[in-house]
Amino acid sequence: MSEQPVSLRGPVTLGGGIALHAFSHAYATMLVPLYLLVAADLKLPGIRAVALLVTIYGVAYCLFSYVAGVLADRMNRRNLLAIGLLTNALVVIGIGLSRRYELLVVLVVLGGLCGTLFHPAANALIPEHFPGSPGMAIGLLGIGAGIGFYAGPQYAGWRAQSATWHWGWIADWQRPFIELGFAGIVGALLFFLTARETSTPHRRRKSSARLGTVLRRRVIIIAIVLGLRDFVGIAALSLSSVYLLKAQHRTSAQAGFVLGAMTLLGVIGNPLAVWLTGGARRLPALTTVLILSAISIALVPLAPAAWTLAALCVFQTLQLGSYAISDAAMLERVSPVVRGRVVGLFLTLAGTFAYTGPWLMGLWTDSFGSRGDHPAAYLAPYITLGIGIAVAAFSVPVIARLGEPDPNAIEPITEISPATMEPAM
């Protein structure tokens, strides 16, 4: 197989990273619109038992992120990403073949461990291909988050009700897992064949650079505070699923459509958020977006049913945009040789806490009993989530203390215009 021209390595690897990002978030959210179907099929005691599977997957996904970050700073990140998706896809197929709850618990743990390789490796690899515009590279990589959050719930809810093929004991809710699992295998192989590592002098696996006590402490503080934003982002999907299924009496397909569509604007919102907030605008914009996101999520249950999708779209567009802005702000302030570990440390703390959200939302909404059929019951949890995002805005001054962006790497013309991004030579 011939090598790609140097000028194409960055764009091709970025495109593959976007695809892998989509699979990563699609797999993590497929169960969300299927809560009632799975609980009924497996005869589980309430939604919280199914939501717990999402929490377990996410905790396993994030808990070992720092280990994944160490690997990303020292090993071939292209290979790590391909292996992570391939093994995750095999686990997803396994979920589609098992109807024992105990085995599902084991499988979601394995799936989370496979998925944990993605963010540390991708967030280190992709910006290194574009040293003149690392923030914009992160913004474009974020397109995959919008696609994945859209495709996971949308596809799962749709295929659980519309798929007509039958195979032994496979239940309706399991079909989308088998189908997307095989798609992930193909995606992993294509990424392995087309993506490339960089050839820059600062190869992480040959570097002895350390995070340092000060940097480590500041990343931990950011993770604790900004992690409230991450908690809300994950919890809101589960809360909204229950709200749609029970308070608005929608089907799994309808709930999947809303949960998927609410994230679709992130496809353009993530790169646009970075494009609009280059240089000194980055951190003030992050504060603004977090406050607006807090207000929008608190108002969701007050919107008429016909406007629920619009209300959730506003929230999720702001929420996903905040991820792109904060990731860009952090990574452009730290050395490329430690980016994998910075991402890994952040996700280990913020992500692990965030993924308690599905179970807590399931527990909270199960406690409603018959009140869960009325939208007013959901006002308290939605307001609580809004408060959480507002508090997360206090992370911005700490991000600023990570250091100044490299002035040679963040020239406005290269940072804020995707068309002028120059790949590493």
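**View 1. Confidence along the predicted model.** In this predicted model, confidence is given as pLDDT, the predictor's score for each residue from 0 to 100. Helix H20 (residues 412-415) has the lowest mean, 38, and helix H18 (residues 379-392) the highest, 97. Helices are DSSP runs of H or I, at least four residues, numbered from the N terminus. Over residues 410-420 the pLDDT is below 50, yet this stretch has 27 contacts beyond near neighbours in sequence. A contact means heavy atoms within 4.5 Å. Where pLDDT is low, predicted coordinates should not be read in detail. Residues are numbered from 1 along each chain as its sequence is written. Local features need pLDDT of at least 70, side-chain atom pairs 80 or more, while totals for chains, interfaces and linings use all residues; side-chain values use heavy atoms, without hydrogens and water.

View 2. Rings of Phe, Tyr and Trp (its six-membered ring) pair if their centres lie within 6.5 Å; planes under 30 degrees apart are stacked, over 60 edge-to-face, the rest tilted. Tyr-57 and Tyr-61 have centres 6.0 Å apart and planes at 35°, so they are tilted. Tyr-57 is buried at 6% relative accessible area, and Tyr-61 at 5%. Buried means under 20%, exposed over 50%, partly exposed in between (1.4 Å probe, protein chains only).

View 3. Tyr-155 and Trp-158 lie 5.7 Å centre to centre, with 80° between the planes. They are 3 residues apart in helix H9 (residues 143-162), about one helical turn. Tyr-155 is partly exposed at 23%; Trp-158 is partly exposed at 47%.

Methods: Helix = DSSP H or I, 4+ residues; strand = E, 2+ residues; numbered from the N terminus.
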